[in-house]
Amino acid sequence: EYYKIIEKESDIAGTLKKYSDEGIEHLFIEAEERLKFINMTSGVIVNELGRSDLRNEEKVEITSQGMEIVAEQIFDNPEVSEAVAEISLACIESINQVVKEVPRTKSLLAMLVANQSSYVYKHGILATYISSEIIKHVSWGSKEQTEKVAFALFFHDIYLTPVYNKYPDAISEEDLLFREDVGEEDKQTVLDHAKLAGQLVKTFPRCPLGADMIITQHHGMTSGQGFAVNFKDDISPLSKIIIVAEDIASGMLQHLKDGDKKSALDKDLISERLSDRYKNHTYKKIIEAFKEISM
């Protein structure tokens, strides 16, 4: 492929717009300039997200770009830098605003369908919305827990972003694990991604208390490695909410991909499937809370 070059001291914003207008998507930056370039583009996104006139659709688009930058940075250096922390917090706040302003699940789904962002991002923002709605309907729910879950869901699959980018037709972690065209290194990343993300946020400045544990346990495994088959009570309540919310989000996105919009929003069908899978009493309470959500 032919790669355009962004030169040192160039007008970054102007250069990016020029290439974008020409339909050029792949750019090359000299290795020693990479960090500077990432920091500059991060600053552009943070400034954009700070605008008061952004529509929710624009917030979704810009935030998805921010997540991609965070994922790139983390793979270069698995520790949260000041720049990564700044853009992450801006993205999380943007997601929280969208989640609060979207009137019902159907509206968010329509917005995501119209957006060209990655599966990881669409899945994450949908799971954030569902989690926040469930927390509203459990007796022990609070604003603090909603914010903690939003933080956790921004980072929970961050290590899967480049994997899904490599296999854009993949529909789930299980799909990635059992496909023959997925390399062993990528499969290991899928198995370890919860553990890696949990370790990552420990380096985040003023990380919300317990967020690392919630992320580590988001597939029902206390170690953060692999995927639970039988969901037990030995993980945190917020991890259980994320597990159920992710399951719902995955099902909705799959139905939409299959062209079945009706099933994607069929609360009774979703609840029945969840009840068959999650037998424990604490999960059933979460499923009952989900039934209160406006679709």
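Which exposed residues does the face of H5 turned away from its buried side carry? I will start there, and keep in mind throughout that this is a predicted model.

Helix H5 covers residues 105-114. The residues in question are Val113 and Ala114, both exposed, on the face turned away from the buried side. Buried in H5 are Thr105, Leu108, Leu109, Met111 and Leu112. Viewed down the axis of H5, these buried residues fall within an arc of 160°, so they line one face of the helix. As for what covers them, the list includes helix H3 (56-76), helix H4 (82-101), helix H6 (119-136) and helix H12 (237-257).

Next, the pockets. The largest pocket holds about 1,400 Å³ of space. Its lining consists of 31 residues, and those nearest the centre are Leu16, Glu25, Leu27, Gln65 and Ile69. Helix H1 (12-21), strand S2 (27-28), helix H2 (34-49) and H3 each supply at least two lining residues. H3 gives the largest share, 8 residues. By class, that lining has 14 nonpolar, 8 polar and 9 charged residues.

The second largest pocket has about 450 Å³ of space. It is lined by 19 residues, with Ser117, Ser118, Tyr119, Lys122 and Pro168 closest to its centre. At least two lining residues come from each of H5, H6, helix H8 (161-166) and H12. H12 contributes the most here, 5 residues. The class count for this second lining is 10 nonpolar, 6 polar and 3 charged.

Gln217 sits in the loop between helix H11 (211-216) and H12. Is Gln217 buried or exposed? Gln217 has a relative accessible area of 7%, and the cut-off for buried is under 20%, so Gln217 counts as buried. Setting aside neighbours within four places in sequence, Gln217 is in contact with Thr222, Asp234, Ile235, Ser236, Ser239 and Ile243.

The other is Arg206, in the loop between helix H10 (184-201) and H11. With 78% relative accessibility, Arg206 is exposed. What is phi of Arg206 near? The value is near 55°, which is positive, in a residue other than glycine. For background, most residues other than glycine have a negative phi.

Methods. Residues are numbered from 1 along each chain as its sequence is written. This is a predicted model: local features need pLDDT of at least 70, side-chain atom pairs count only at pLDDT 80 or more; totals for chains, interfaces and linings use all residues. Side-chain values use heavy atoms; hydrogens and water are left out. Buried means under 20% relative accessible area, exposed over 50%, partly exposed in between (1.4 Å probe, protein chains only). Helices (H or I, at least four residues) and strands (E, at least two) are DSSP runs, numbered from the N terminus. The arc is that of the directions from the helix axis to the C-beta atoms. Contact means heavy atoms within 4.5 Å. On a 1 Å grid over the protein atoms alone, a cavity is a set of points where a 1.4 Å probe fits but cannot get out, and a pocket is an open set with protein on both sides within 12 Å along at least five of seven lines; lining residues have an atom within 4 Å of a point. Grid points are joined across faces, edges and corners, and a volume is the space filled by probe spheres set on the points. Ala, Val, Leu, Ile, Met, Phe, Trp, Tyr, Cys and Pro count as nonpolar, Asp, Glu, Lys and Arg as charged, and the others, Gly among them, as polar.
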